[in-house]
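Try each task before reading its solution.

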Amino acid sequence: MGKAVAIIGTGQTKHGRRSDVCYPDLVKEAVSAALMDAGITLKDIDGVVLGTMPSMMEGVSSTHFYFAEAMGAVGKPVMKVETCGSTGQSIGHCGFFWVASGMADIVLVVGSEKMSEGDGQATMTTVFDPFFQRTFAAGAPGVFTMQSMEWMYRFKIPEEKGREAAAMISVSNHDNAMDNPYAHIRTRVTMDDVKNARVITYPVRLLDVCPASDGACAVVFASERTAKKICKKPAWIKGLGFRGEEFFYGESDKAIWMSATEAAKEAYQQAGIRNPMKQLDVAELYNPFTYQEMIFYECFGFCPRGEAPDYVLKGAFKKGGQLPCCPSGGTLCTNPIGATGLIRLAEAALQVTGKAGARQVEGAKLALSHAMGGVDQFNAVTILGSKL
Amino acid sequence: MSKEEYRIVKGQVMVPYELALGRTWSEFYDYLKEEKIMGKKCGKCSRVLVPPRSFCPRCFEDMDEWVEVSQEGVVETWVYVNMPFFAQEIKIPFISAQIRLDGSDTGFIHQVAGIDLSDFDSVRETVKLGGRVKAVWSKEKKGNILDIAYFEPVK
Amino acid sequence: MRRVAITHVAQSSGAESRESLMDFTYQINREILDKAGLKREDVGCIIAGSADIFHSGLSCANAFDWDGIGAFLKEGSRAEESAMSFIYGCMRILSGHYDTVLVTALVKGSENPDNDPITSFYGDPFYLRPVGINESVVAAMQMRQYMERYKVTEEQCAKVAVKNLANALFNPYADRKRRVSLKDVMSSERVYDPLKALECAPKSDGVVSVLLASESRAKKLTKKPVWFAGYGCSMDHFNPGDRDLLNGQLKTAAAAAYKMAGVRDPKKKIDVAEVCEPYAFQELLWCEQLGFCGEGGGGKLIDSGATQMDGALPVNPSGGVLATNPYPARGLYRIAEAALQIKGEAGEHQVGKKVKTALAHSTHGFGGQCHSVVILSA
């Protein structure tokens, strides 16, 4: 269906607290890296897609103006696409459709965030409506904790078992981040460290939660013809899906989470994936919270509902396991929100092209990347492959 | 100049809004003043939505039928919030909860209170998933969501 | 390349609505689906056009938009400016992945602060914002340069407001409905001299939807499909001081759109134009850059009467943005109005001549930092 599109280059900043650069310079750092990786210059770019978090987070509204030069967009068409936390994947999807439409040959996609400059949780709170739910909102941790509690209760997962599995996820993500030179948090943690960390929103503790990072990511999309001509190892887009649920929290079932399930189903169908656990070689999930990562495993069909903790405890998703998840250290160790979903896509592209360095999953050919946004409202999935 | 010497500018942005509730939500708040919690029922899928909507997001059809739902319900999930952030309206610690009111088909977000919140272990003995809670009304009604002061556990 | 058509259009009035934004949106999307005889389930993909917190009081506008646009568990996305949303919708169909896409732009300008404080947040926090720069300030500086460099008079600029507000009287969806004379405009308050109050766009509510379809679906859905023929967009430098305010990126955007649509002589080929003119003089400047007249010829163009509703090249028969300004949605309003002109369904503000090719333009940012041009054809 439609024209083939490939990723021919990716670039990331060193993520973390980046008060050494102003915001546009941070964006420029990622753009330059992506152009260099693709072996092209700004002249080759037909259009630019930008996405960040909303103005509340940025402190500047409509950042496509502010970043005009930094993202190399002067004199070029621009798309500003934003879907909250899923922005990083949504801008990737826009890059795909722009090239697939035939209206552009090479498109540069840029996602960025400077979390250290604004108040992330206050921003999340304003995603809630001012009429009913904002009063009781407790930022992202509050919502994700409610969801995790509902999930454990529904599938009768004993609290200790959930705790143990979540702690293992934290340990393995932190271990993985040690292999990723771009990651924000690069320290090893032990099971005891996680289980004894400060409670944020019970049972979620500090090491179950992602950091607030500064960072940017850029990805270059190209048509089949151009990709074959100028890129030795393109990453091909095999399938993509985006789904959203109702706005009000509590209206749909977050333990089953239809948007995550359906977004993956759509992407699998396009990519011809019937058995994700078997066919996928690696997955980069948007996992700002350890418990939530387990819900994603179930929604994406990696394991039956309610059994994610068992699979985690068996090591199925660790490095060297049946389906390594988040070899980059994931969102849990690096979360510049507007860039995060695009970083997942870039990491998946690095994996299927064998360019992931120390975090490379040996022989990865098919990868899943993902992002989640809103108040548990949106999910986006993109499947990348090494073969057309 | 070393990195640490680069400057930071501090700023704050305040923007005022006047947001329309429209007919359905205005009526919901009018009902709250009468100490009634009202939902709307979809003529197509028969779900009762609280807060009410003028249309069903799934069927995309108008919803005309008001239905009073119970002031009691089941806690579907809850969170003990002990994390302060900018412009938080309720003082920490507080409990946000998703409550399925009897007679409705959606979770209603509100707070559980009326119990000692200072000791987390004792809170966990009182507030439970699947446990029942009931609405406690504010004496003075201001036409907002805190006209229901909170939900308290049913003993 | 596949073809894309606009099959149906629905729009709200620009006047203040007392509905919640969610209900306000739902009503228009319900209307367009009913017009097309479709159900929510029948639409392949839904794209929103809306801006976040400063335009709605809500962060991540798509979250709140989602129910009203009818996107529950549907493929979809959101662009921040509505001409971009439209193009994104076209891309989705051109890619071959979708046969129908609903594009909906929405805002309630009546609920958020004035345009000036909102656009001041475009400014960076270090240089532009502390010195009071906003869209109106830059527009006024642009206008002064324009009058000085090309000897265009203040009266010629004011005539745009007279023309567009007169047109708006025939548009049932227009927000500012008031017949004004040249004297009224000239004597209205000098809010940002030389800009006067009646030369600045108001702040409006607005929900507008267009249904897009592939060629085969479009022919089944309507007898009068309006074809998407050309598109161009171009971004300028951020700092207004880094550019020539009278020679921005509109020419680049227009050239791309004309090339794609095979338009060689826009003056002859374009039958009607809906141009985004939040400030009266900008219609003249944009008309020059769209090639409707020569450089500096904007003043003579309005004097000639060519851009009047019954002129050779009517501009803004709907009354334009000076009459109705639902900021992030105004680009899609221009596109919807251009489509209605081609369909011959613009009602009382249908232009006198037969419309085969129409141009819609959208701009936002200081002094027109970003321009989009869309060409539609019968």
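Keep in mind throughout that this is a predicted model.

**Exercise 1.** Locate A:F247 among the secondary-structure elements of chain A, then decide whether A:F247 is buried or exposed.

*Solution.* Start with the place in the chain: A:F247 sits in the loop between β8 (235-244) and α10 (258-271) of chain A. Next, count neighbours: A:F247 has 25 C-beta neighbours inside 10 Å. The cut-off for a buried residue is 20 or more, so A:F247 counts as buried.

**Exercise 2.** Find which residues A:F247 is in contact with, leaving aside neighbours within four places in sequence.

*Solution.* From chain A, take A:Q377. As a separate distance check, go to A:T123, 124 residues away along the chain: the two C-alpha atoms are separated by 16 Å.

**Exercise 3.** Explain why helix α12 of chain A is described as largely enclosed.

*Solution.* Take residues 290-299 one by one: the buried ones are A:T290, A:Y291, A:Q292, A:E293, A:M294, A:I295, A:F296, A:Y297, A:E298 and A:C299. That makes ten of ten, so the rest of the structure largely encloses α12 of chain A. Just after this helix, look for A:G301, with a positive phi of about 75 degrees.

**Exercise 4.** Describe the side of chain C that touches chain B.

*Solution.* First the totals: 18 residues of chain C are in contact with 17 of chain B. Helix α1 (residues 21-36) of chain C contributes the most to that side of chain C, with three residues.

Key: Residues are numbered from 1 along each chain as its sequence is written. Chains are lettered from A and ligands numbered from 1 in the order in which they are written. This is a predicted model: local features need pLDDT of at least 70, side-chain atom pairs count only at pLDDT 80 or more; totals for chains, interfaces and linings use all residues. A residue is buried if 20 or more other C-beta atoms lie within 10 Å of its own, exposed if 12 or fewer, and partly exposed in between; C-beta atoms are placed from the backbone. Helices (H or I, at least four residues) and strands (E, at least two) are DSSP runs, numbered from the N terminus. Two residues are in contact if their C-beta atoms, placed from the backbone, lie within 7 Å.
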